[in-house]
Amino acid sequence: MTSPAGLNCIKARLVNHAGFSLLSSGVAPPAAKKKKPKLLNKFDKTIKAELDAAEKLRKKGKVEEALKAFEALVNKYPQSPRGRYGKAQSEDDLAEKMRSNEILQKAISTYEEVASLSNAPTDLIKLSLKRQADRQQFLGRMRGSLVTLQKLVDLFPNDTSLKNDLGVGYLLIGDNSNAKKVYEEVLILAPDDGFAKVHYGFILKAENKIAESIPYLKGGVESGDPGTDDGRFYFHLGDALQRVGNKEAYKWYELGYQRGHFASVWQRSLYNVKGLKAQPWWTAKETGYAELVKSLERNWKLIRDEGLAVMDKRKSLFLPEDENLREKGDWSQFTLWQQGRKNENACKGVPKTCALLEKYPESTGCRRGQIKYSIMHPGTHVWPHTGPTNCRLRMHLGLVIPKEGCKIRCAQENRTWEEGKVLIFDDSFEHEVWQDAEDYRLIFIVDVWHPELTPQQRRSLPAI
């Protein structure tokens, strides 16, 4: 059973170069303090032995038998909330076993039926609707999930954990505005709620309210509340501190590293494959892609000339960098491949360059990378930042390079570009760019799969 393409699109939309999906991390909002939920009403207590027998089958993994037993109970006792809940859980289990979205939809409907029963215990209503919302999200039915979450909040307005769930629901559809309102409500009710703090800070930072985001991100992480010990929040707290010139940033990166969220203080990508060779700078020989590098360097003038021919601003082919990575300046890009997909229209403008790249699937097929021209004008500074994944390496081919004033730092080493030469680095390490020359800088960026990834991994890793 897999979530459909619609959910993958939502994931992709929530992921960017310096911000990460709230969905794919698998972090749930904080649960209430554990206490045994009351699942039986007065009637269900009278048929507890029958309910327990059916539940025993379910817990033993006898899914089909359990479902039949709970269906029989629902037919016999239609007023039984616990019987109906058991039926929903059994359908849920069977859907997972059979990998069937159709059966899962039945479970979603049955969870809703449980909550609609007038005699259902409060705890059972909460469990049913929360599971319904979770399963709706899995199927990519984000709007339906929001309706369910809102129903929970309406039923239990003082339960801040449910409001936190609702806030995440809004974030999953990219509705930061409504998510922000929800977390503001939570923080009025519970000013020390760490989960609400980190998410509120996350939203403020996305709005470029960098200084304002810091106390919320910091307070939330320091709270230790469930759902706050997450690499994304260490990442964004450190990044915010860096942008206001606070040297405490590396304290938080170090803590994130110690807690297992980062591969190192310098390598802070969050979508990783463990065990891959990690170093900031690479040689062509080390990558195993020497032929690609030779081809790029041999044909650099062709690539340059086609790029120059489409640089006319009136054509609007080069689009401004839109991931909030610039402190200042003018930086635009013209993308030919994105997530392993060719932009046919873009390639019409630079046909020889695209034909050249077609020979190298390690790049054109890299679903965690891009192939693009990048032009940076004088007076530009790119904040220190890290890419999202350790599964790629990034090649920079120099096309038009001013004699002085341009440099790139990766980890603790600065380098400069040369026309006709390729620089290779791992952009999952922190890097920073300065363009203080008197004229523009034009390079060609080619991402490639990390050479240690297996063919199976290259086929199966989700796009970023």
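The sulfur of cysteine 410 lies 16 Å from the closest cysteine sulfur, that of cysteine 391, so the two are too far apart for a bond. This distance, like every value here, comes from a predicted model. Cysteine 410 is also buried, with a relative accessibility of 1%.

Other cysteines do pair. A disulfide is a covalent bond between the sulfur atoms of two cysteines. The model holds one disulfide by the rule applied. The bond joins cysteine 347 to cysteine 354, with 2.1 Å from S to S. Its sulfur atoms therefore fall within the 2.5 Å cut-off. The link of cysteine 347 and cysteine 354 is left-handed, with -80 degrees about the S-S bond. Cysteine 347 has a relative accessible area of 5% and is buried. Cysteine 354 is buried too, at 2%. Cysteine 366, by contrast, is in no disulfide. The nearest cysteine sulfur to that of cysteine 366 belongs to cysteine 391 and is 8.4 Å away. Cysteine 366 counts as buried, because its relative accessibility is 1% and the limit is 20%.

The protein is divided into two parts. Domain 1 covers residues 39-259, and domain 2 covers residues 281-460. Their centres, taken over C-alpha atoms, are 40 Å apart. Contact between the domains involves seven residues of domain 1 and six residues of domain 2. The size of an interface is often given as the accessible area lost when the parts come together. Between domain 1 and domain 2, the buried area is about 570 Å². Carbon and sulfur atoms give 35% of that area. On the side of domain 1, Phe235, Gln242 and Arg243 lose the most area to domain 2. Together these three residues account for 71% of what that side buries.

Helix H9 runs through residues 160-172 and has 13 residues. From its first C-alpha to its last, H9 reaches 18 Å. That span is close to the 18 Å expected at 1.5 Å a residue. An α-helix has 3.6 residues a turn, so residues three or four places apart point the same way. H9 is mostly covered, with 13 of its 13 residues buried. After the helix comes glycine 174, whose phi is positive, near 80 degrees.

Most residues other than glycine have a negative phi. Asparagine 208 has a positive value, near 70 degrees. This asparagine sits in the loop between helix H11 (194-206) and helix H12 (210-223). Asparagine 208 is partly exposed, because its relative accessible area of 45% lies between the limits of 20% and 50%. Alanine 411 is not a glycine either, yet its phi is positive, about 60 degrees. The loop that holds alanine 411 lies between strand E9 (406-410) and strand E10 (413-415). Alanine 411 counts as buried, at 7% relative accessibility. Thus asparagine 208 is partly exposed, whereas alanine 411 is buried.

Definitions and conventions: Residues numbered from 1 in each chain as written. Predicted model: local features only at pLDDT ≥ 70, side-chain atom pairs only at ≥ 80, totals over all residues. Heavy atoms only, no water. Helix = DSSP H or I, 4+ residues; strand = E, 2+ residues; numbered from the N terminus. Expected span 1.5 Å × (residues − 1). Buried < 20%, exposed > 50% of the residue type's maximum accessible area, 1.4 Å probe, protein only. Domains from an automatic or database assignment. Contact = heavy atoms within 4.5 Å. Buried area = accessible area lost by both parts, 1.4 Å probe.
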